[in-house]
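Hi there,

Here is the structure I promised to pass on. Have a look at it first, and then read my notes below.

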Amino acid sequence: MYRKNVCFCQILRTVIFLSSETLLGLLDRYKAQFPNKEDMEGAVAAIHRLQDVYNLKPSDLAESKFAHAEQDMGKTVSTMELFTLGRASYLAEDYQNCAQWMLEALRLLDTRQPDAGEEVSLRAEILDHLAYAEYKVSC
């Protein structure tokens, strides 16, 4: 909440008062500090390794419920993040994990209230990947 209410307002004020050239220069200077595609792929691979080693279900990870944790971690992932994990499995031709992640993304999409436009396009993407993954698993 702090970051949204305080930090974002400060960033917004800064962006409004900067010229576009200055803003672009700042973005170029700090670009290396932002996560890139390789960082994302590495994080996804690490999550998949943890899932395999500790036999974690996507639903446990989605709701931040872990066997040895004394309390709920309190943080959940978004439907888009679950879709991204499932898509990474799909691209790696790990269709068993892909199906699990897509089913969890679909479950979350049905239980949470996303934007209407996001829901329609994301649901179609999830169902498309899920259908192909289920087909490949059953072959």
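A quick definition to start: helices (H or I, at least four residues) and strands (E, at least two) are DSSP runs, numbered from the N terminus. Please keep in mind that this is a predicted model, where local features need pLDDT of at least 70, side-chain atom pairs count only at pLDDT 80 or more, and totals for chains, interfaces and linings use all residues. Residues are numbered from 1 along each chain as its sequence is written, and side-chain values use heavy atoms, with hydrogens and water left out.

**Salt bridges**

I looked for salt bridges (a side-chain nitrogen of Lys or Arg within 4 Å of a carboxyl oxygen of Asp or Glu). How many salt bridges does this rule give? The count is 3.

Let's begin in helix 3, which covers residues 37-53. Glu41 pairs with Lys37 there, and their closest N and O atoms are 4.0 Å apart. The two sit 4 residues apart in the helix, so about one helical turn separates them. Lys37 is exposed at 58%, while Glu41 is partly exposed at 45%.

Next comes helix 6, residues 95-111. Arg107 forms a salt bridge with Glu104, with 2.4 Å between the closest N and O atoms. Because these two are 3 residues apart in the helix, about one helical turn lies between them. Is Glu104 buried or exposed? Glu104 is buried, with a relative accessible area of 6%, whereas Arg107 is partly exposed at 35%.

The remaining pair is Arg123 and Asp110, whose closest N and O atoms are 2.8 Å apart. This one links distant parts of the chain: Arg123 belongs to helix 7 (residues 116-138) and Asp110 to helix 6, and they are 13 residues apart. Arg123 is partly exposed, at 24% relative accessibility.

**A buried glutamine**

Back in helix 3, find Gln51.

Cheers

Technical notes:
Buried < 20%, exposed > 50% of the residue type's maximum accessible area, 1.4 Å probe, protein only.
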